[in-house]
Amino acid sequence: MKTLILPQKSYFGEHALADALPEIVKMGKKALIVTGPHVGKSQMISEMTGFLDEYKIKYSIFKSITGEPTLEMIDLGYQQFILEGCDYIIGIGGGSPLDAAKAIALKLSYPNQPLSDFMGMEIDGDFVNLVAIPTTSGTGSEATKFTVITDAQNSIKMLLKSEKLIPKLAILDYRYTLSSPEKVTVATALDALTHAVEAYTSNKAFPVTDSLAIAAVQKIFKYLPVVYENPQDTNARESLMYAAYEAGICINNASVTIVHGMSRPIGALFHVPHGISNAMLLKGALAFVIDGAPERFANLALAIGLSDAGLDQLALAEKFIQALDQLAKSVGVPALKDYGLDELKFMSLIDKMSEDAILSGSPANCHKTVIKADIIQLYHSIWNNEK
Ligand SMILES: [Fe+2]
């Protein structure tokens with residue numbers, strides 16, 4: 001099946017929030033603003049609450065999303081929503097507050113059901129209106145149906161999805177990303193790059209997602225090094241914001257594959273930032289699946305301007321994977337072994353991580369069959385930096 005699902009309305013540019021206010025007014029009577037402590041005391045929140053006050057829009061600020069969201073954080077946000085009499089949610093921040101906003105909406109519709117019950121299924125239901133305002137260029141959560149919530153007790157990252165959780169409004173102003181620290185900028189951009197590459201090489205890809213994926217890959221290869229050198233380069237920041245949005249639409253409709261499948265367990269068990277665990281796995285995991293679709297990876301090589309002189313498709317595909325690895329290294333991403341994880345603990349958890357990776361369903365989107373034994377082997381070989 002080839003369908004395209006998108007946010008109902010998206011606003012872009014320096015006046016995106018001001019432009020969107022007439023639409024925000026229609027979302028409900030009182031907003032729960034879901035954010036983190038850093039954004040919660042920033043100029044962005046002042047600007048937003050100033051606009052909301054001007055429009056007499058009521059709100060309550062919940063700023064307890066201190067990292068990748070957990071079930072406990074979702075419970076707290078849910079309680080504040082009820083106590084404050086809110087009727088819609090505005091998520092503002094990186095991927096974590098946006099994902100948290102979606103999960104709070106989910107809990108509001110299913111208050112007595114554990115969120116873990118919804119893993120692996122397309123969730124139906126009526127949800128409160130969602131507005132998403134990203135301050136990083138990464139997850140693309142503002143454009144997606146996905147939310148990733150950590151179940152800390154069971155050390156698992158739950159991937160939950162519902163078309164009805166796609167924000168009604170997405171508001172993208174690159175100025176909100178200008179103060180994003182270097183580490184966050186790198187991790188989030190590499191997450192978006194992984195989304196685009198995996199969606200393009202997924203067996204669910206189709207021409208519309210292909211176009212968006214190629215556009216996102218080209219922008220990130222071109223502009224991530226620029227932002228790395230000059231974080232205040234507004235043109236590059238804006239380009240990365242568009243790329244993350246494009247890549248978000250890609251995964252909404254063509255999904256992710258093996259890298260995300262293997263990356264989520266590392267994030268859940270070792271608390272490695274999502275984009276960095278993706279980046280450390282990119283070369284090894286994708287090298288394993290390129291022979292399933294060498295022409296797809298070869299197309300990406302051509303899209304970023306690599307020469308095909310004298311190369312067959314597989315060689316060109318391998319050249320693209322090398323370019324991905326070089327880009328990640330050039331912005332400071334270490335090898336998995338050098339990240340500082342406890343080797344004994346990592347080795348002892350490979351079986352669980354491989355099981356969780358397969359259960360997530362993501363590796364099944366590759367053009368090549370991937371089984372648990374392959375994932376086990378890959379965790380070992382990537383750790384040992386084998387080819
Ligand atoms: Fe991701």
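Thr 177 touches Thr 135, Thr 136, Ser 137, Arg 237 and Met 241, leaving out residues up to four places away in sequence; contact means heavy atoms within 4.5 Å. The model is predicted: local features need pLDDT of at least 70, side-chain atom pairs count only at pLDDT 80 or more, and totals for chains, interfaces and linings use all residues. Residues are numbered from 1 along each chain as its sequence is written, and side-chain values use heavy atoms, with hydrogens and water left out.

- Thr 177 sits in the loop between β8 (169–172) and α6 (182–200); helices (H or I, at least four residues) and strands (E, at least two) are DSSP runs, numbered from the N terminus.
- Its relative accessibility is 1%, and Thr 177 counts as buried; buried means under 20% relative accessible area, exposed over 50%, and partly exposed in between (1.4 Å probe, protein chains only).
- Thr 70 belongs to the loop between β3 and α4.
- Thr 70 is also buried, at a relative accessible area of 16%.
- Apart from neighbours within four places in sequence, Thr 70 is in contact with Ile 149 and Thr 150.

**Iron site**

- The iron ion has as protein donors Asp 191 (OD), His 195 (NE2), His 260 (NE2) and His 274 (NE2), at 2.1 to 2.2 Å.
- Donors are N, O and S atoms within 2.8 Å of the metal (3.2 Å for Na, K and Ca); water is not among the atoms, so sites may look incomplete.
- Along the chain, the donors are spaced as D-x3-H-x64-H-x13-H.
- His 260 lies in helix α9 (residues 258–270) and His 274 in helix α10 (residues 274–289), so this pair ties together parts 14 residues apart in sequence.
- Both His 260 and His 274 are buried.

**Ala 192 in helix α6**

- Helix α6 contains Ala 192.
- Ala 192 is buried, its relative accessible area being 0%.
- Not counting residues up to four places away in sequence, Ala 192 touches Ser 137, Gly 138, Ile 220, Ala 244 and Ala 247.
- Between the C-alpha atoms of Ala 192 and Leu 165, which are 27 residues apart along the chain, the separation is 20 Å.

**Helix α4**

- Helix α4 (residues 71–83) has 13 residues and spans 18 Å from its first C-alpha to its last, close to the 18 Å expected at 1.5 Å a residue; the expected span is 1.5 Å times one less than the number of residues.
- The buried residues in α4 include Met 73, Ile 74, Gly 77, Tyr 78, Gln 80 and Phe 81.
- These residues cover an arc of only 165° around the axis, which puts them on the same side of α4; the arc is that of the directions from the helix axis to the C-beta atoms.
- Among the elements covering them are β2 (30–34), β3 (58–62), β4 (88–93), α5 (95–109) and β6 (146–151).
- After α4 comes Gly 85, with a positive phi near 65°.

**Strand β4**

- Six of the six residues of β4 are buried, so β4 is largely enclosed by the rest of the structure.
- Tyr 88, Ile 90 and Ile 92 are buried on one side of β4, and Ile 89, Gly 91 and Gly 93 on the other.
- β2 and β4 run parallel and are joined by four bridges; two strands pair if DSSP finds at least two bridges between them.
- Ile 33 stands opposite Ile 90 in β4.
- Strand β5 (residues 129–134) pairs with β4 in the parallel sense over six bridges, and Ile 92 stands opposite Ile 133 in β5.
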